[in-house]
Amino acid sequence: MRFHAGNEILMTAVPATIIGSLAAPHIPEVVYSWAIAVIFVVLGVQMLRQSFARKVKKATQPAWFAYVLGAISGLMVGVAGLSGGGPIMAGLMLMGLDMPHAAATSSYALVALSVIGCLLHATQGTIAWQVGGLLMLGSLVGAAITPRILNRFDPRLLTAILRPILGIMLLIMAVTQVW
């Protein structure tokens, strides 16, 4: 891959996080829920199509797709505090990255978005610190352990197994988003 997807994602995600945070009080929940559901369905279906295609192309999305992923994930973080990890992971895998590289690139981008989103939401007084602290602790433990586990497996096999699972998870998240 001739570009660094994490940098392209951040270039649009950071401003989108700020815009999303400022716009959040003005966006009806139902509009946001349906928009996220549509995004999850599109990415989930594409993940499943790619998983079961007879000929798997190395990269099926153009480089500018990373910018779109950044904007979507930034808006998700800014508007509702969602991590945007699902769309970033799915998008990076659709762009041809294997699971370990997509996970690492997603983590790289989400650190910046999480810090910016946390600061913006903290200034608005909307963070439940006790619950957030527990979530952060669990996330740190998972983030420390998971790369070590992923490195024990063949990236191609891991991707072949986890790509359809991620596609199904995105579809389930879409349904639960609007249910």
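**Entry 1: Ser106**

I began with Ser106 and, skipping its neighbours within four places in sequence, I found it in contact with Gly85, Ile88, Met89 and Leu92. Contact here means heavy atoms within 4.5 Å. Ser106 sits in helix α5, residues 99-123. Helices here are DSSP runs (H or I, at least four residues) and strands are runs of E (at least two), numbered from the N terminus. Is Ser106 buried or exposed? Its relative accessibility is 4%, so it counts as buried. The cut-offs I noted are under 20% relative accessible area for buried, over 50% for exposed and partly exposed in between, with a 1.4 Å probe and protein chains only.

**Entry 2: a note on the model**

I reminded myself that this is a predicted model, where local features need pLDDT of at least 70 and side-chain atom pairs count only at pLDDT 80 or more, while totals for chains, interfaces and linings use all residues. Residues are numbered from 1 along each chain as its sequence is written, and side-chain values use heavy atoms, with hydrogens and water left out.

Next I looked up helix α2, which covers residues 29-52 and has 24 residues. From first C-alpha to last it reaches 34 Å, close to the 34 Å expected at 1.5 Å a residue; the expected span is 1.5 Å times one less than the number of residues. I listed buried residues of α2, among them Tyr32, Ile36, Phe40, Leu43 and Met47. What covers the buried residues of α2? The cover includes α3 (65-80), α4 (85-94) and α7 (155-178).

Leaving out neighbours within four places in sequence, I found Ala37 in contact with Ala174, Gln177 and Val178.

**Entry 3: the whole protein**

How many helices and strands are there? I counted seven helices and zero strands. Of the 179 residues, 39% count as buried. Among contacts between residues at least 6 apart in sequence, 82% join residues at least 24 apart. The C-alpha atoms fill a box of roughly 50 × 35 × 35 Å along the principal axes.
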